[in-house]
Amino acid sequence: MLVCRQRLFPPVLPCVIKVAGSACGRIVAIGLLAALASSPCFAQRRSAPALEDAEVRFVEAMRERGYFDLTLDYLTRAKAAPETTSAALLARLPYEQAVTQLEQARTLTGDERDAAVSAAKNSLEAFLNASDNKQLAAEGSSRLAAALAADGLLTLAGAKKVGGDQDAARAQARQSYEEARKLYQQSEKQYDQALDDYKAVKPGSSEAALRLRLRIQLAGVRVTGSRMLYEQAKTYSEESSEFKQLNEKAAKELLGHYDKYYEFPVGLYSHLYEGWCYQALGQHKLAMGCFEDLITQDPEDPSFRTLITLGHTYLTKSLVAQEKHEKALEQGEAWLEELPRSDQLSPAGGSLKYQLGEAAVAAARAASGNDQRRLYLQASEWLRESSRTPNEFQADARKQLATVNRKLGTETESSLETFADAYQTGRNALLAIRPAGLSGDGEEEAAELRRKATVAYQAALLLVEQDTEVEKLNEVRHALSYLYWESKDYLQAAAIAEFLARNYSEDRIAEKSARLALASLDALFMEAAAEGGVSSESFEAQQLTEFANFITRQWSGQQLADTGFSLLMKVALQSGNLAAARSAIQEVPEARRTPLELRLAAASWEQAKRQSATAGDDLSARSAAQQARDTATKLLAEVFAKARNQREIDQSTATVALYLSQAMLDAGEASGAIKLLEDKKVGPLALVSAKAAAVDRPGYSAEAYKAALRAYVSATPPQTEDALKTMNQLEQAVGDGDAAEQTLRRIYLGLGLQLQQQIKELTAAGKQQEASRVVKAFAVFLERLRERSGDADWVNQQWIGQTFFNLGEGLATGSGSAADASPQRKSYYERAAEVFGSMIDRAKQQPDFLPSENSLLAARLQLAQSQRKMGNYAEALDTFSSILLEKQTILDVQKAAAYTFQEWGADGNPEQLKSAVGGGRTVAGSNKKLIWGWSKMAQIVGRLSQKQPKYKDLYFECWLNVAKCRYLGANQKSGAERDKYLSSARRTIRSMAQQYPNLGGPERQRDFDRLLKQVQQLDGKEPVGLAEFK
Amino acid sequence: MSSMHPYRIAAALFLPLLLVTVVSAQNDRVRTTSGTEAGKIEEVSPVQIKLAKGSITKEIPVNEIESVQFGAEPSELTQARVNARNGSYQKAMQKLAAINLAGIKEDLIRQEVQFYKAFCTAQLAMLGEADVSAAGKDLTDFVRKNKTSFHYLQVTETLGDLLTASGRYDQATKMYGQLAKAPWPSYKVRAAVLIGKGLQAQDQHSAALKQFQAALAKAEGDDGSTNQKLAAQLGMAISLAATGKVDEGVNLVQEVLKGADPADQQLQATAYNALGNSYKLAGKTKEALFAFLHVDLLFPTVPDAHAEALHHLAPLWEEVGKAGRAKQTRQTLKERYASSKWAK
């Protein structure tokens, strides 16, 4: 970044204003000129009268030392106590504040920097609007312009990463330069106005000196303003007309400034920039004319030497572009040899060395044999030196050095003799990685550089000397850790970074290492989670927890500690330990808790949902799940109340808003949910419709529409039109095509299931009325949907049918069989059967209605299930048989058919129980039974399960039902016949328990135990269950 | 090894304090535990160096010396010293071989070259890359010819190490016992620790534990023995883990790591290896891997510990499904420590 700023502003600004070209470099004015980037080029830091004021000097001194916070604090206090503040400082308070903020911004990065620049901008604008001090106003405008120009450069540099959005960055940078240019022009006008006060001054007077200084400052903003055009040109492609036009315009303006100010360094810098423009346009003769003017300045004067060096730098570049390599090397080297060592090591010297390196490379390419090697060796030397000095080409030098060394075949691990060599080689390679990413085959080159850096740093560790500074050694270790991170070797990265953070926690590198270690351990944790979950005892969870705990203590109260807490919470949530997550949050300062609380609330809700889904019919599990939901809902509501007032809605808040609306729906609060969903600022529907960044992730919009659908359907009265509109939006959001159709089907079915679950939960919570209302409302909605979707596609029809079926299931009580079904429940199964029946009929007449052959089979199965649930057993068995006639081995159909016989038998038709066990419905013309029954199914499944364990549970289910059918038979008999059935049931269970002591697992064991207790009870015995066989 | 005469060496060590006057170049530098002293080395003995700093002569005890660099020494010696310190003994030997001894006028510098040759040969012998007997003979010859060398204590310890490496534990114990005669408590502690380590090498962990406890008792209240105290604790941890008290061992190593100087590479490497071994015994693969990895990545300059870590890492990488890493680790072990017991 430093390099870029150097290029935007003259690398060395003269401390005195001199007349160029004169033999002695006559000093004609006093005053310091602007510091790099923080102030406009050639502008003075502060106006002369202020020099006299001690408080102003004090502020200036604090700022120069980088005590920005202290300075700002001092200025705030000065403002609060005007009676004890000097008039001079009071008059420029907002200005000093803004300048300090701008200076501070230079030391920051990312969002912090943006915020500081923005605050400074506001302060400066406030000052400019309020002040009538023209000179300060002019300085202020140019300082602001400089900050914007620096922004442009940083934006461009930031985008020069592999994968960076360069087009967007260029556009943004261009805008910054345009704004900067306008501000420079504004500053120019303000300087003009300030000069009006010095129209009639005596030559040689102090006013005359002040006037000259103002003129030079005016020249400075003019030159820099024109240079903005050159910078803007760089935001376009070199082939574009804009690039050409802007460079031409810049060159013309800069030439004008040179003509006017050629006697002053500012004029010469204008000439230098003018040369850059010609160079960019490929007009090397014109460019060389400019640079030659510079190199003929007086070399004895130290302040011109920089300018001359820069002249040589760009002259070399132009000579190389014209393939005059020898001349380029000769002239450049000759000048470099003349330079004192301090100048050789200056940024300008580093730049010249880079261009000489490039010249040597170009010459080497044209040479062969020993000459070529000699030139490459020479290039390597120039480039190495350039890479060690901060200069505008330092990054390029590192990259080119790596290429040259590859050609020379040098710098292998064994060739590194000292720690310093290895360190520098590693560093050069590391710093060349980013520029390498920009070239055509950048990735490959970057990988090679990474390998090289790793080898060099590993070698450095073996070459540590006794007087090697521990900071340097740790820098090597940190770099290695970073390289391991880059290559996704997280374990290695974590081992090194954690060691550094723990053992050198007071050092400069510690915080960076801590972040790297946290990131590496987090990556390991996520990898483990992706591979099948992590428990809190796992290595990854423990390492991350332990280190995050260390971070929270070591960097207590700082942002890094918050990251630590956030990761502690992540581990706790991932391993389902909400209590630990809550504890972690308690350690975070109140003001910074909300983001973590949002995540906790969301995770609590997700966990409660999972708990509900797995609770089944177990009453205590259901009660625990309900409690978890209540707690989670409370948490969601509390944190949402806090977060909804944030200025910007982030992902977590959007998630919590969605979850809260789901929780409200589950609690039967449809109108509240609708209000939240539609809320203009935080409502999930509003966010989706506004395409807000907070909801830009897969699944969010579908979930929001699903919640809205549920809400509209569950509302009193149901908002059918809104529901239908939402369905359309949902379909649009999902899109077209096969994949979209499947997604839609899943969503609709999911919605049906959610409603079913909602109805179940309302029923379980004793909210019968709400449950019934939701069911009825939903059924009305479905009816409406059914009416309007007469020729709707298969997916919609199927959803309607399935949802009717699910509504019936949601009202299930007792055994869930048709015998226990209420009229309302039966009516839903009837409607489901109607829908599936009509789908099957239509498919017969209109084959293209069917998405696939399997779809028809599924519909027939669903029809049969609906018939079964209605209690139309014979019809259901007909339908099952028709399927089995085509595909007899479909186990799901066989099982459903056996259950149908069983339920029919239990419903007062004991003869059907025999078919349930022994099979029924023969194939015409043979004795072969289409429906196998539990007994035959058990045999077949038993064989299958030997090779495919997934069938084991079905095997036990078959035998359980064999015994159950006998029990059900006994239930309908009396006397000896009953005993016979009971004994048979008991025999079956005993036999299974003896053969398979665990009876297929805890759940099946419970089923067998429960059944045996029923048998024992009917037999007049004590219901001890499986204990009877022990 | 028959040519070694440890008792003769020891006898020469601590009886009369022999001082020889030497001529040395200006700007000799003695790096001590508290900084660097520059001046002219005037006299050396097994227990101190006399350094002339202008008109003042400073006596620097050997137990405070970290290294000595002679102003007139050849650059190859300087580099060899760095290499030897970092465990690159072969490289050091190459550098030392390039030195023309006849061209060196100062005795002490010639001695220094001879010491490093003997020392590196001994270290290579312990890694299986040189002959143990020959290495022992070189060391013995060195002390016989240079009775006043300030390297005497180091030579004694190295001789003990060589004896341990060749399974001659009784003699090694006696040799380490000589260290305890040095005039500083930290050497008494060090001797006890080294004897304990010898017992560990013989799988006599109960006896080793007693030695370490004795070492800790000796270190009590002596500021100069901090590192030796940590070494004793570490020894205890290893023996505890080896006798089935894995958790106790792990806790103790972690305690050592908390108190250890991060720059003490030998101690750090030994501690992480102890931690890795303990986790391995507890069947905690990833934890063990992570511990050994510290040695590989951070302390590759401690050759024996590094070789041990690599030896354990290879199968551990395999266990976590990283066959490529395992292969690479085996290759490094083979390349760097081909003759080491850990590579076999």
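D203(B) is exposed, with a relative accessible area of 61%. Exposed here means over 50% relative accessible area, buried means under 20%, and partly exposed is in between, with a 1.4 Å probe and protein chains only. D203(B) lies in the loop between α8 and α9 of chain B. Its phi is positive, near 65 degrees, and the residue is not a glycine. Most residues other than glycine have a negative phi.

A word on what you're seeing. This is a predicted model, where local features need pLDDT of at least 70, side-chain atom pairs count only at pLDDT 80 or more, and totals for chains, interfaces and linings use all residues. Residues are numbered from 1 along each chain as its sequence is written, chains are lettered from A and ligands numbered from 1 in the order in which they are written, and side-chain values use heavy atoms, with hydrogens and water left out.

E323(A) is not a glycine, yet its phi is positive, about 60 degrees. Look for E323(A) in the loop between α14 (302-321) and α15 (325-338) of chain A. Buried or exposed? E323(A) is exposed, at 63% relative accessible area.

Stay with chain A for a moment. It has 46 helices and 4 strands. Those are DSSP runs, numbered from the N terminus: helices are H or I with at least four residues, strands are E with at least two. Chain A has 1030 residues, and 54% of them count as buried. Now take its contacts with a separation of 6 or more: 63% of these join residues 24 or more positions apart. Contact means heavy atoms within 4.5 Å.

Next, helix α45 of chain A, residues 975-995. At 1.5 Å a residue, its 21 residues should span 30 Å, and the end C-alpha atoms are 30 Å apart, which agrees. The expected span is 1.5 Å times one less than the number of residues. The buried residues of α45(A) include L982(A), I989(A) and M992(A). R986(A) is also among them. What do the buried residues pack against? They pack against α44 (952-971) and α46 (1002-1018) of chain A.

Back to chain B, and helix α10, residues 226-242. Its 17 residues should span 24 Å at 1.5 Å a residue, and its end C-alpha atoms are 24 Å apart, so the two agree. How many of its residues are buried? It's 12 of 17, so α10(B) is mostly covered. Among the buried ones are L230(B), M236(B), L240(B) and A241(B). The buried residues of α10(B) pack against α8 (185-201), α9 (205-219), α11 (246-259) and α12 (265-281) of chain B. After the helix comes G244(B), with a positive phi near 95 degrees.

Keep A241(B) in mind. S278(B), in helix α12 of chain B, touches A241(B), V246(B) and V250(B), not counting residues up to four places away in sequence. S278(B) is buried, with a relative accessible area of 1%.

One more interior residue. V155(B) sits in helix α6 (residues 152-165) of chain B. Its relative accessible area is 0%, so it is buried. Leaving aside neighbours within four places in sequence, V155(B) is in contact with F115(B), L139(B), F142(B) and V143(B). V155(B) and V143(B) are 12 residues apart in sequence, and 7.6 Å apart in space, C-alpha to C-alpha.

Last, the interface. On it, 31 residues of chain B are in contact with 25 residues of chain A. The two chains bury about 2600 Å² between them, 55% of it on carbon and sulfur atoms. Buried area is the accessible area (1.4 Å probe) that two parts lose on being put together, summed over both. In chain B, F290(B), L297(B) and L298(B) lose the most area to chain A, together 25% of what that side buries.

The rule finds 2 salt bridges across the interface. A salt bridge is a side-chain nitrogen of Lys or Arg within 4 Å of a carboxyl oxygen of Asp or Glu. K286(B) and E540(A) meet in a salt bridge through their side chains, at 2.4 Å, N to O. Which helix gives the most to the side of chain B that touches chain A? It's α13(B), with 8 residues.

That's the tour. Over to you.
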